[in-house]
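Please read the following report alongside the sequence and the model.

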Amino acid sequence: MSYRVIQWATGAMGKNCLRAIIDHPDLELAGLFVYSRAKAGRDAGEIARRDPTGVVATTDIEDILEKDADLVVHAARIQPPYAHHNQAICRLLASGKNLISINGHTYPQYWGRRYCDAFESACRAGNSTLFGTGLNPGFIVEKVAAVATGLCSRIDSIHISEVVECSMVQNPNYVFDVLGFGTPAGSIDPNAPDWAPAEILNGMYSEVVAHLVHRLGYSRARVETDHTMMPATADIEMAAGLIKKGTISHTNWRWHGLVDGKPLVTLSIAWIMEKAHLDNPNYNLWNVTISGLPCVRIAIDLDKPQDYPYRTGAEELALAASVVNSIPAVCKAPPGIMDIPVANHFRVRF
Ligand SMILES: NC(=O)c1ccc[n+]([C@@H]2O[C@H](COP(=O)([O-])OP(=O)(O)OC[C@H]3O[C@@H](n4cnc5c(N)ncnc54)[C@H](OP(=O)(O)O)[C@@H]3O)[C@@H](O)[C@H]2O)c1
């Protein structure tokens, strides 16, 4: 079985999805959307550092809508507000293409019927499916933590933590405007829902937490935030620019999924530019800790093979794999918003 796939955006994540599509024997690249004018008109193979593909990058959504394809991999940079990309996503769905988003959309049902209606009617119009995946969102909470609960006959609480060093992230818009680094620490309230980074990330990760609560059989989760931001201990020169002493260098985003007023699921994400504020400098990428009967602990790290010759990070490789491994299931799913299966495992051929 082979699938025709369009790649939407070629940032750090999107470029690896593009490579994974080009390299896969059962996928055919059917189109490429880019935001950068400098990339428009170039062959996808050149952008991906692969042989020419005959697919030329475009900045025009109309070119993409016209194409015959099974699926779009939507890997744009998230922008405020969280719903910023929904209109384009709905147009792509309505044009008959299934769509995988790496920017949330894992549990749009959290936002209520009216929010979902736009996606559902676009999917009906295009006989298409919307699916959100990735690492987080997409894997560690929705799949790993969910699978681990199968070992428990009682669950008191679930704590999932992620720690990522972000100093090599290159794009200033992403680092400063989307993730909030470099903001004078006392000038914002990170739990104010209208601070742009909080608005975007609350949008994406409330779905993640609520999805696990829902999967465990509780009908309605309420998600509360408990974010803390720490100031830089000195001026720090990062790939994306300067983080001045006293501005935010360590973000700890925390969401609690409450059941009966008590946190059942807590997701803690520490994205950091320096280690000064970490309790434990020897951290794992992810830890899942379930308190219950019995208690379960899982630590996960991602590494590249020692002989891997490229600079691409293990997270980027894993994200692209999680997208590609999902493609058959998304293309076979009935129209509408697709729920996250507990596994979209690797298969050597589709
Ligand atoms: N689910 C997960 O596990 C996971 C993990 C990591 C990241 N993400 C999400 O993936 C997104 C992309 O991450 P990344 O590391 O690839 O980011 P990035 O390197 O900053 O690149 C994102 C790409 O988005 C395009 N872009 C430029 N301006 C834009 C705009 N105004 N609006 C929308 N897109 C614009 C550009 O595409 P062109 O270069 O093609 O012009 C850019 O290269 C992030 O927003 C993040 O939320 C998800």
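## A salt bridge between Glu224 and Arg222

At 33% relative accessibility, Glu224 falls in the partly exposed class, and the side chain of Glu224 meets that of Arg222 in a salt bridge whose N to O distance is 3.2 Å. Arg222, with a relative accessible area of 48%, is likewise partly exposed. These values, like the others in this report, are computed from a predicted model.

## Salt bridges between separate elements

The count of salt bridges in the model comes to 8. One of them joins the side chains of Arg4 and Glu28, with 2.9 Å from N to O. Because Arg4 belongs to strand 1 (residues 3-8) while Glu28 belongs to strand 2 (residues 27-33), this pair ties together parts that are 24 residues apart in sequence. Arg4 has a relative accessible area of 27% and is therefore partly exposed, and Glu28, at 41% relative accessibility, also counts as partly exposed.

A salt bridge is also formed by Asp23 and Arg50, whose closest N and O atoms are 2.8 Å apart. Asp23 sits in helix 1, and Arg50 in the loop between helix 2 (44-47) and strand 3 (57-58), so that the pair links parts lying 27 residues apart in sequence. With a relative accessibility of 44%, Asp23 is partly exposed, and Arg50 is placed in the partly exposed class by its value of 29%.

## The surroundings of the ligand

Which residues come nearest to the ligand, out of the 27 around it? They are Thr10, Lys39, Ile78, Asn103 and Leu135. Sorted by class, the shell around the ligand consists of 14 nonpolar, 11 polar and 2 charged residues.

The side chain of Lys39, one of the residues that come nearest, has an N or O atom 2.6 Å from an oxygen atom of the ligand. A backbone N or O atom of Tyr35 is found 2.8 Å from a ligand oxygen atom, whereas a polar backbone atom of Pro137 lies 3.1 Å from a nitrogen atom of the ligand. Taken alone, the ligand would expose 920 Å², and the protein buries 84% of that area.

How many disulfides does the structure hold? The number is 0. Cys17, for its part, is in no disulfide, and the nearest cysteine sulfur, which belongs to Cys331, is 14 Å away. Cys90 is in no disulfide either, the nearest cysteine sulfur being that of Cys123 at 7.5 Å. Both distances can be set against the cut-off that applies here, because a disulfide is a pair of cysteine sulfur atoms within 2.5 Å.

Are these cysteines buried or exposed? Cys17 is buried, its relative accessible area being 1%, and Cys90 is buried as well, with a relative accessible area of 14%.

How values were computed: Residues are numbered from 1 along each chain as its sequence is written. This is a predicted model: local features need pLDDT of at least 70, side-chain atom pairs count only at pLDDT 80 or more; totals for chains, interfaces and linings use all residues. Side-chain values use heavy atoms; hydrogens and water are left out. Buried means under 20% relative accessible area, exposed over 50%, partly exposed in between (1.4 Å probe, protein chains only). A residue is near a molecule or strand if one of its heavy atoms lies within 4 Å of it. A polar contact is a pair of N or O atoms within 3.5 Å; within protein, one must be able to donate a hydrogen and the other to accept it, and residues adjacent in sequence count only if both atoms are side-chain atoms. Accessible areas come from the Shrake-Rupley method with a 1.4 Å probe; for residues, only the protein chains shown count as cover. Ala, Val, Leu, Ile, Met, Phe, Trp, Tyr, Cys and Pro count as nonpolar, Asp, Glu, Lys and Arg as charged, and the others, Gly among them, as polar. A salt bridge is a side-chain nitrogen of Lys or Arg within 4 Å of a carboxyl oxygen of Asp or Glu. Helices (H or I, at least four residues) and strands (E, at least two) are DSSP runs, numbered from the N terminus.
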